[in-house]
Amino acid sequence: MLGKYCLASTSANVSTATTPATEIAAPITGVTEIGNREFAAARNAFEKRDLKALASARNAFRGNLRDYPLASYVDYWWLLTNLGQGNTFAAGNASDFKAFFDTNADGVLAETLRKEWLRALGKMDRWDLFLPEFQRLNIDDADLTCHHWRYRIAQDDRSALTEAKAFWTSGGRTASDNCYDVFEQLRAAQMVTTENAWPRVRKLLEDNQLADARKSAALIDKLPATFERTTASVGLNPSAYLEKEKLNSRSRASIELFLFAINRIARSDAGKAAGLIEQKGKDLPVADRAHAFAQVAMYGAMQHDPAALGWYEDANVAVLNDAQATWRARAALRAGDWAALRLAVDAMSPLEKRDPAWRYWLARAEAASGNDIGAAKLREVLARENNFYGLLAAEELGQLPTPNWKGWRPSAVDLAAIRQRPAVARALLLYQFDMKTEGVREWLFAIRNMNDQELLAAAEAARMAGVPDRAIGTADRTIMLHDFSQRFPMPYRADLQVQAKAQGLDESWVYGLIRQESRFMADAKSRVGAAGLMQLMPATAKWAAKQVGMSGYSPQRVADVPVNLALGSFYLKHVLDDLGHPILATAAYNAGPGRARRWRANQALEGAVYAESIPFSETRDYVKKVMTNAWFYSNQAGVAQSHASFKKMIGTVPGKLDNQRGISSLVSAMAPASPAVAAPANE
């Protein structure tokens, strides 16, 4: 994560910044100094919505600067800015839009602009322009689909009503006002009924989509006049609502409000919610009571409440949604209940069952029941995957892989071919302008249909251009032909080794964490202000700098490579000393030490079980990827630490009642402990 808690720290004396050794990237065709200057001015005009300056820039980039790689962006900005001034521009300048789509058919901007143009045309009912362009749309957009349904319904196309009803009943997908015009037509056709409306309202309330839930409920006949106001009060204080209101089991509105209140309470206190079901929900219909307990059980599992598996039994439902089933599986893991784990996996959708986590744990359940053949079959497939569970499965089969650090390398011809692709050139140039969001979008468009050799050539082109995040992400996509040195590069090694050694940290773990934090983009900055390789927040970096006595520190230096590594390494060692295990420290780096500590069980847990049962999906994914990264880095040629066993690296996480530190081969018994220091206030 580009995380709030990623502080860090280090030695007072730091070296001057170093950059990774890379070849000089080939120049991008069509780039000129005047083109760069004029493009920067056009971007400034777009940010200010200065139509006069944009019009002038558009003329320049359609004239003398037409060969500049990012010329299409100036035209795009001019069209988009004018479109924002009013819908009439959409119809009056249709030829400009069509010309842009034709000229930029092989690019991401055409699809983005097409969506906005169609939205404006739909609001104006300009079907003559809308329909031909809608057929060219390659993405799913509910709002535009609803415009299309409006047109088709007006033409007496009954199949449009059928499609719209499927959307309505498919779950809690949010919808625009435009879609509610279609839903009104469904109600007029008696296709929105009380029976199919309440499930949608329930799902929207559970997902905290209150405005959408109220609009959907408004389509229900004989809805109590107070329903909308009451949903607001339940959202603010569900306990007060349940204390004051008595459940009316003959009123669907009363039942749904009761379930909404239970759901809100369960999010923070599943035990309290379960008690309220017993006290105040005795008259709930059987199916609704089962649903209430399934939700409570899910939140209880997320809160690591030992009663969660019992609440799943109280739910007594054969069908769980994937969120409920996966948390039943995680509760079973923490309880060591393989039978419950199997039941949970059986309840998952086919898509969810294919997740590496559930294939791995199902294999463990098979082995626990004595079905070694079934376990081996599951592991054999999983062992071919280079992920957290693939490594665990491979080791259990005795087949832990040896990564190929000298994989296929592109030739000069391969690199030249990749660089000639317009989207690649645009992406790399956008990175030079610090337009990373646009650069990523262009890059993903460029590599979408590449084969393995092309992907590795693109990865090398990105690396040589100083864009390591695209190099890593692209190399990660190969299926059969791999180059793990591209997937797991080791830039800034001299500075990193100094700091890892000073703090007694495993170099491979630090590399694994940085790969997940910033993909080695030294200038990376998150939405909340975390900066640099180790993504340090300003307040935590300041705290760490003070602890290590760093002279001359200022917030402007937080992204400097040596400073960032020094502060990050100090903080990482601080949380490791505090929590006693690399998995706990990794979770703390992402979500905060307090949470990482609370997520422990009373007794020691297998590291993989702790990681899988982290309640934050971002942190759960982060921990598994950091540890996987660390194993690959530990097996790189020239890395001092070599961890032959992934299972030993993950180790055992200490329990709340344990007096001993956790066990992991990442931690050396001889590593020096950091001096005891108070943690930052926001931890």
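Colleague: Why is helix 7 (residues 127–134) called largely enclosed by the rest of the structure?

Modeller: This is a predicted model. In it, six of the eight residues of helix 7 are buried, so the helix counts as largely enclosed. A residue is buried when its relative accessible area is under 20%.

Colleague: Which residues of helix 7 are buried?

Modeller: They are Trp127, Leu129, Phe130, Leu131, Glu133 and Phe134.

Colleague: What do the buried residues of helix 7 pack against?

Modeller: They pack against helix 4 (88–92), helix 5 (94–103), helix 6 (108–123) and helix 8 (142–154). Packing here rests on heavy atoms within 4.5 Å.

Colleague: Which residues make the contact between helix 24 and helix 38?

Modeller: Helix 24 gives Phe388, Tyr389 and Leu391, while helix 38 gives Lys624, Met627, Thr628, Trp631 and Phe632. By type, these residues divide into six nonpolar, one polar and one charged.

Colleague: How many aromatic pairs does the count come to?

Modeller: The count comes to 38 aromatic pairs, with ring centres within 6.5 Å as the rule.

Colleague: What makes the pair of Phe388 and Tyr389 edge-to-face?

Modeller: Their centres lie 5.0 Å apart, and their planes are at 90°. Planes over 60 degrees apart count as edge-to-face, so this pair gets that name. Both Phe388 and Tyr389 are buried.

Colleague: What makes the pair of Tyr571 and Tyr589 tilted?

Modeller: The angle between the planes of Tyr571 and Tyr589 is 55°, at 5.9 Å centre to centre. Stacked needs under 30 degrees and edge-to-face needs over 60, so the pair is tilted. Tyr571 lies in helix 34 (residues 561–579) and Tyr589 in helix 35 (residues 582–591), 18 residues apart.

Colleague: How do you know that Tyr571 counts as buried?

Modeller: The relative accessibility of Tyr571 is 0%, so Tyr571 counts as buried. Tyr589 is also at 0%, and therefore counts as buried.

Colleague: How do you know that the charged end of Arg448 sits over the ring of Phe445?

Modeller: The charged end of Arg448 is 3.8 Å from the centre of the ring of Phe445, and the distance limit is 6 Å. The charged end of Arg49 sits over the ring of Phe46, 4.3 Å from its centre.

Notes: Residues are numbered from 1 along each chain as its sequence is written. This is a predicted model: local features need pLDDT of at least 70, side-chain atom pairs count only at pLDDT 80 or more; totals for chains, interfaces and linings use all residues. Side-chain values use heavy atoms; hydrogens and water are left out. Helices (H or I, at least four residues) and strands (E, at least two) are DSSP runs, numbered from the N terminus. Ala, Val, Leu, Ile, Met, Phe, Trp, Tyr, Cys and Pro count as nonpolar, Asp, Glu, Lys and Arg as charged, and the others, Gly among them, as polar. Rings of Phe, Tyr and Trp (its six-membered ring) pair if their centres lie within 6.5 Å; planes under 30 degrees apart count as stacked, over 60 as edge-to-face and the rest as tilted. Buried means under 20% relative accessible area, exposed over 50%, partly exposed in between (1.4 Å probe, protein chains only). A charge sits over a ring if NZ of Lys or CZ of Arg is within 6 Å of the ring centre and within 35 degrees of the ring normal.
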